[in-house]
Amino acid sequence: METTKFAIPEIIFGRGSIKYAGQCALRNGAKKVFLVSDSGIEKAGWVQRLMDVLETAGINWIYYPSVTANPRDFEVEQGAEFYLKNGCDVIMAIGGGSSMDTAKGIAIIASNGGKIRDYEGANRIQRPLPPMVFITTTAGSGSDISQFCIITDVKRAVKMSIISRTLVPNISIVDPLILSTKTETLIIQSAIDALAHAIEAYLSRIASPFTEPQSLKAIDLIMRNLQHAVETRSLDSLEKLSIASIAASMAFSNAGLGAEHALAHSLGGHFDMSHGVVHPILLTEVMRFNLESCPAKMADIGRVVLNKRLGSDEETAMEGIEKLDEFFASFDVSLKLHEVVKKNDKKHLEPICKMAVNDACNLTNPRPASWQELLKICQKVW
Ligand SMILES: [Fe+2]
């Protein structure tokens with residue numbers, strides 16, 4: 001086996017665990033916390049709850065509420081200025097992927113200077129970042145666990161993948177109680193994003209014995225609990241989705257992703273589309289493309305999805321992919337690209353695929369994928 005490495009943050013998991021946020025900041029030397037969130041989390045009352053926790057711990061904070069969906073390059077650069085001007089020393093984010101990726105982008109610029117696009121790709125960050133304590137409000141993005149930060153380059157209209165060990169937060173607080181205030185759409189999109197993370201990480205060229213069990217665990221938990229979580233909103237099933245998201249994140253953060261996420265970033269950047277929308281459209285078609293390069297691993301996924309193994313690897317793999325199609329169709333999600341973009345947008349697919357082929361996620365796809373092959377995939381799911 002080749003040399004491998006595995007990095008995750010300290011994880012504090014449990015119902016009500018937001019109450020430990022103050023202690024977590026203090027343990028990282030906080031005198032003034034830079035608190036990042038968005039209006040949705042604020043309206044749900046979680047920002048105030050966190051401010052109360054910080055106040056009880058005797059910690060000052062500056063609130064940065066300017067997070068938008070699909071955070072943009074100039075937004076994190078402005079945020080870094082605000083961070084430095086206020087003399088903050090710990091970055092705390094409460095929110096989904098957008099809040100946490102904004103916080104990571106701010107941390108990069110505040111400590112390393114320059115423009116965020118200077119850090120696109122893998123291992124471009126030279127200097128240590130300020131301590132980061134994240135509280136996720138979704139079970140999917142995994143930014144609270146991962147080495148990834150996704151920021152939109154406005155000029156090129158593309159979501160940049162920035163990947164570095166230094167982007168793993170110091171502490172991730174996962175409080176399943178927060179999920180109970182999320183919409184059904186967000187719960188479904190986040191869980192399917194986590195499922196895509198788990199599957200792509202399992203098939204990745206650099207998957208390891210440290211990431212593979214986490215991937216399979218996440219797939220199993222999502223297949224067995226998402227429907228029930230949506231129907232009942234029971235805390236037990238929401239908690240299982242949180243565990244699944246953590247497992248998937250531990251896997252993809254260390255094993256990388258694949259062509260599906262490369263396309264998702266490129267499509268999302270071009271059309272300013274929510275990340276969670278594209279996976280039910282793309283994931284199974286990318287799996288069909290990858291099947292010839294990794295039939296045994298695809299059969300492992302099929303076995304977990306189907307809860308049984310069929311006669312051959314190919315049969316188990318194919319049946320598993322079809323079962324995933326059925327699974328996605330059982331939710332109120334789009335299954336074709338034309339449902340989420342305009343009819344005359346089809347002409348943009350070629351430049352989008354040319355961009356996707358250079359996304360860092362494409363490097364770990366099990367089967368090398370050219371832009372022409374990515375285009376074929378997009379045309380199949382149009
Ligand atoms: Fe994702």
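For the exercises below, helices are DSSP runs of H or I with at least four residues, numbered from the N terminus. Keep in mind that this is a predicted model.

**Exercise 1.** Find the residue just after α3 that takes a positive phi, and give the angle.

*Solution.* Start from the helix: α3 covers residues 46–56. Now step just past α3, and you land on Gly58, whose phi is positive at about 75 degrees.

**Exercise 2.** Work out which residues of α3 are buried and how they sit around the axis.

*Solution.* First, pick out residues with 20 or more other C-beta atoms within 10 Å of their own. In α3 that gives you Trp46, Val47 and Leu50. Next, look around the axis: these three span an arc of only 100 degrees, so they lie on the same side of α3. A handy reminder here: an α-helix has 3.6 residues a turn, so residues three or four places apart point the same way.

**Exercise 3.** List what the buried residues of α3 pack against.

*Solution.* Take the helices, then the strands. The helices are α1 (21–27), α2 (39–43) and α6 (176–179). The strands are β4 (90–95) and β6 (132–136).

**Exercise 4.** Zoom out: how many helices and strands does the protein have, and how compact is it?

*Solution.* Count 15 helices and 9 strands. The radius of gyration is 20 Å, close to the 21 Å from the globule rule for 382 residues, so the protein is as compact as a globular protein of that length. As for burial, 54% of the 382 residues count as buried.

Methods. Residues are numbered from 1 along each chain as its sequence is written. This is a predicted model: local features need pLDDT of at least 70, side-chain atom pairs count only at pLDDT 80 or more; totals for chains, interfaces and linings use all residues. A residue is buried if 20 or more other C-beta atoms lie within 10 Å of its own, exposed if 12 or fewer, and partly exposed in between; C-beta atoms are placed from the backbone. Helices (H or I, at least four residues) and strands (E, at least two) are DSSP runs, numbered from the N terminus. The arc is that of the directions from the helix axis to the C-beta atoms. Two residues are in contact if their C-beta atoms, placed from the backbone, lie within 7 Å. The radius of gyration is taken over C-alpha atoms; the globule rule is 2.2 Å times the number of residues to the power 0.38.
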